[in-house]
Amino acid sequence: MEVITMEKKAFDLMMARYEALVKKVELLKHKANGKRLEKWLTGHEVCQQLCISQRTLQKLRDHRFLGHTQIGRQFYYDPKEVKGLIPLIARIKSI
């Protein structure tokens with residue numbers, strides 16, 4: 001077992017900073033409580049919801065009809081944007 005000694009003044013300063021950090025984290029946690037991020041959809045989920053193929057999804061992405069975020073090789077889509085595309089996809093399929 002290793003024992004570390006320090007001056008009381010340094011220890012009190014360290015503890016005060018720790019307490020301040022804990023308070024800031026709790027405040028941020030309280031502020032963000034009602035602002036949870038929605039679950040983003042994967043490409044597979046978008047294709048199922050819109051009844052389209054992966055290639056069509058890629059075309060929508062390429063032509064900037066649908067915004068996305070890419071993490072590694074995986075694309076994620078905002079559910080609000082996907083819902084906004086439903087009327088467009090329905091109109092295209094009816095033609």
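A surface patch, as the term is used here, joins residues that have over 30% relative accessible area and no salt bridge, with like charges joined within 9 Å and nonpolar side chains (Val, Leu, Ile, Met, Phe, Trp, Tyr) within 5 Å. A salt bridge is a side-chain nitrogen of Lys or Arg within 4 Å of a carboxyl oxygen of Asp or Glu, and accessible areas come from the Shrake-Rupley method with a 1.4 Å probe, where for residues only the protein chains shown count as cover. This is a predicted model, in which local features need pLDDT of at least 70 and side-chain atom pairs count only at pLDDT 80 or more, while totals for chains, interfaces and linings use all residues. Residues are numbered from 1 along each chain as its sequence is written, and side-chain values use heavy atoms, leaving out hydrogens and water.

**Nonpolar surface**
- Met6, Phe11, Met14, Met15, Tyr18 and Val22 make a nonpolar surface patch of about 540 Å².
- Met14 belongs to helix H1, residues 8–31 (helices are DSSP runs of H or I with at least four residues, strands are E runs of at least two, and both are numbered from the N terminus).

**Positive phi**
- Most residues other than glycine have a negative phi.
- Cys51, although not a glycine, has a positive phi of about 55°, and its place is in the loop between helix H2 (43–50) and helix H3 (54–62).
- Arg64, also not a glycine, has a positive phi of about 60° and lies in the loop between H3 and strand S2 (69–71).

**Cysteines**
- The count of disulfides (pairs of cysteine sulfur atoms within 2.5 Å) comes to 0.
- Cys47 is in no disulfide, as the nearest cysteine sulfur, that of Cys51, is 9.8 Å away.
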